[in-house]
Amino acid sequence: HRDLHSFPTRRSSDLDEDISKNSSIRGFIEALTNELGLGISYRNYNDSKDLEHWISIFAKTKNTPICYIAGHGIRNNSSKSSRLKSEIGGDINLKSLLSKVFPLDKKMTYGKKGILIGSCLIGNSSNLESIITSTGNSLNWVAGYGTTIPWFESTMCDMLFLKYYFNGRCKYDIEYDFIEQGVSSVIDITNYVLEDFPYIKDYQFNLVSK
């Protein structure tokens with residue numbers, strides 16, 4: 001039995017007076033985990049201290065291989081370049097946070113961990129490479145989007161990735177209508193997602209692993 005941690009942001013700076021805005025991936029994740037018989041731990045965070053606390057617990061929790069982080073990625077507006085920051089919400093530096101939670105000299109005690117980042121801009125390959133090289137082996141992979149991306153489309157991609165990770169890939173079979181195809185690595189899962197949902201290639205869905 002394996003579990004999934006999900007950490008969505010609830011930032012005061014994002015609040016406005018439009019009470020009709022209620023977009024949340026929680027319902028999708030709950031539907032998926034119910035279908036697959038998985039446990040899920042769902043927590044909100046308001047700032048870097050909150051997120052570091054919850055990811056630290058995730059790092060020390062057995063049989064929980066994936067953390068899903070939802071938030072708002074930002075572009076570096078201090079220059080004319082298109083260089084991107086590994087920040088969520090404008091003040092949560094994900095690289096710095098993960099380097100503290102998964103230090104280079106820490107032994108892998110609770111199994112390999114992966115983090116799926118449901119945020120615009122954070123998942124460009126240089127950011128992900130930087131995160132992976134600055135963290136210990138307990139953090140085995142990170143994935144995310146290199147561009148801005150519509151909320152629903154990113155949700156579809158995230159759900160497809162999680163489904164393939166926990167339950168394999170569904171393929172058509174002439175005799176049985178469909179079969180579940182097992183996957184051997186997160187790289188395979190990423191390639192299958194890009195193959196089955198090619199639309200997402202335009203949004204630079206990337207995964208970097210050790």
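Apart from neighbours within four places in sequence, methionine 108 contacts Asn137 and Ser138, contact being defined as heavy atoms within 4.5 Å. The model is predicted, so that local features need pLDDT of at least 70 and side-chain atom pairs count only at pLDDT 80 or more, while totals for chains, interfaces and linings use all residues. Residues are numbered from 1 along each chain as its sequence is written, and side-chain values use heavy atoms, with hydrogens and water left out.

Methionine 108 is located in the loop between helix 3 (94-101) and strand 7 (113-118); helices (H or I, at least four residues) and strands (E, at least two) are DSSP runs numbered from the N terminus. The relative accessibility of methionine 108 is 41%, and the residue therefore counts as partly exposed; buried means under 20% relative accessible area, exposed over 50%, and partly exposed in between (1.4 Å probe, protein chains only). A distance of 9.8 Å separates the C-alpha atoms of methionine 108 and lysine 60, which are 48 residues apart along the chain.

Methionine 156 belongs to helix 5 and is partly exposed, with a relative accessible area of 37%. Within helix 5, the buried residues include Ser154, Thr155, Cys157 and Asp158. The 17 residues of helix 5 should span 24 Å at 1.5 Å a residue, and this agrees with the 24 Å between its end C-alpha atoms; the expected span is 1.5 Å times one less than the number of residues. Just after helix 5, glycine 168 adopts a positive phi of about 85°.
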